[in-house]
Amino acid sequence: MRRQIMKAMALLLVFCTAIFGWAMAETQEAPVVYVTISAEGALALVRQEVELTDVDGDGALTINDALIAAHEAAFEGGAEAGYGADTGEYGLYITKLWGVENGGSYGYCKNNAACASLSDPAADGDEIVAYTYADLESWSDAYAYFDAFSMNTSANEETVLVLKVSGFDADWNPVETPLEGAVITVNGEVTEVVTDMNGQALISLGEPGEYVISATAADMILVPPVCVITVE
């Protein structure tokens with residue numbers, strides 16, 4: 001009898017543990033990431049908030065999952081119409097982004113750092129930026145970014161943003177340098193604000209609301225940098 005009681009208690013413990021694990025999984029919130037996409041030099045999606053789940057079923061939460069979710073949320077026809085990926089010699093890679101199929105001329109970064117493949121992990125709070133090249137001959141598009149993806153300010157408060165551009169030195173080591181002479185845009189409109197030799201731009205916004213800050217450069221093609229400023 002004692003042995004039967006112990007066996008029943010063990011089974012009950014296993015059952016309760018399973019139920020507890022299931023309940024925790026049900027109540028645990030999915031990680032949230034932010035996806036920005038530019039197509040051929042123009043912003044198409046700005047910091048789209050998506051919940052990160054294992055959409056592709058590979059057992060991990062990755063950049064690929066984030067891009068699929070972003071297309072499902074914001075592209076007409078969803079990921080099936082706007083996004084594609086395949087596996088090659090160097091891992092998982094993009095075959096279509098925001099409806100653009102250009103033979104493989106795509107790029108993507110996580111938190112402004114280059115990634116090895118779409119299988120790179122993604123986690124809560126990550127900023128994913130993906131883009132199609134505008135220059136399909138020499139692939140000269142330069143990845144540019146501000147020192148913040150988002151910020152809050154008050155009306156008419158002067159805000160300083162620093163713009164940098166990613167590149168390589170003579171030995172092909174990655175380097176980041178301030179970008180001088182870039183023209184700041186606000187919600188797609190060109191302003192008179194230009195970055196100085198330190199890449200700094202002084203921005204003041206008068207009306208409450210949400211503003212998408214980006215930049216262009218006369219002497220290079222920029223992957224559009226993004227900072228969303230909320231004026232309270």
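Asparagine 111 is placed in the loop between strand S5 (106-110) and strand S6 (113-114), where helices (H or I, at least four residues) and strands (E, at least two) are DSSP runs numbered from the N terminus. Although asparagine 111 is not a glycine, its phi is positive, at about 55 degrees. With a relative accessibility of 37%, asparagine 111 counts as partly exposed, given that buried means under 20% relative accessible area, exposed over 50%, and partly exposed in between (1.4 Å probe, protein chains only). The model is a predicted one, in which local features need pLDDT of at least 70 and side-chain atom pairs count only at pLDDT 80 or more, while totals for chains, interfaces and linings use all residues. Residues are numbered from 1 along each chain as its sequence is written, and side-chain values use heavy atoms, with hydrogens and water left out.

A positive phi, near 55 degrees, is also found at glutamate 40, a residue other than glycine. Glutamate 40 belongs to the loop between strand S1 (32-39) and S2, and its relative accessible area of 52% makes it exposed.

When a salt bridge is defined as a side-chain nitrogen of Lys or Arg within 4 Å of a carboxyl oxygen of Asp or Glu, the count comes to one salt bridge. This contact joins the side chains of arginine 47 and glutamate 127, with an N to O distance of 2.6 Å. Because arginine 47 lies in strand S2 and glutamate 127 in strand S7 (residues 127-132), the pair ties together parts that are 80 residues apart in sequence. Arginine 47 counts as buried at 18% relative accessibility, and glutamate 127 is likewise buried, with a relative accessible area of 7%.

The structure holds zero disulfides, a disulfide being a pair of cysteine sulfur atoms within 2.5 Å. Cysteine 115 takes part in no disulfide, and the nearest cysteine sulfur, that of cysteine 109, is 6.1 Å away. Cysteine 115 is buried at 19% relative accessibility, and cysteine 227 is buried with a relative accessible area of 0%.

Several further residues were examined for their separation from positions elsewhere along the chain. Threonine 195, in the loop between strand S13 (189-194) and S14, is buried, with a relative accessible area of 4%; its C-alpha atom is separated by 5.1 Å from that of glycine 181, 14 residues apart along the chain. Serine 204, in strand S14 (residues 200-204), is partly exposed at a relative accessible area of 42%, and 8.9 Å separates its C-alpha atom from that of valine 160, 44 residues apart along the chain. Glutamate 72, in helix H2 (residues 63-74), is exposed, with a relative accessible area of 51%, and the C-alpha atoms of glutamate 72 and glycine 82, ten residues apart along the chain, are separated by 8.6 Å.
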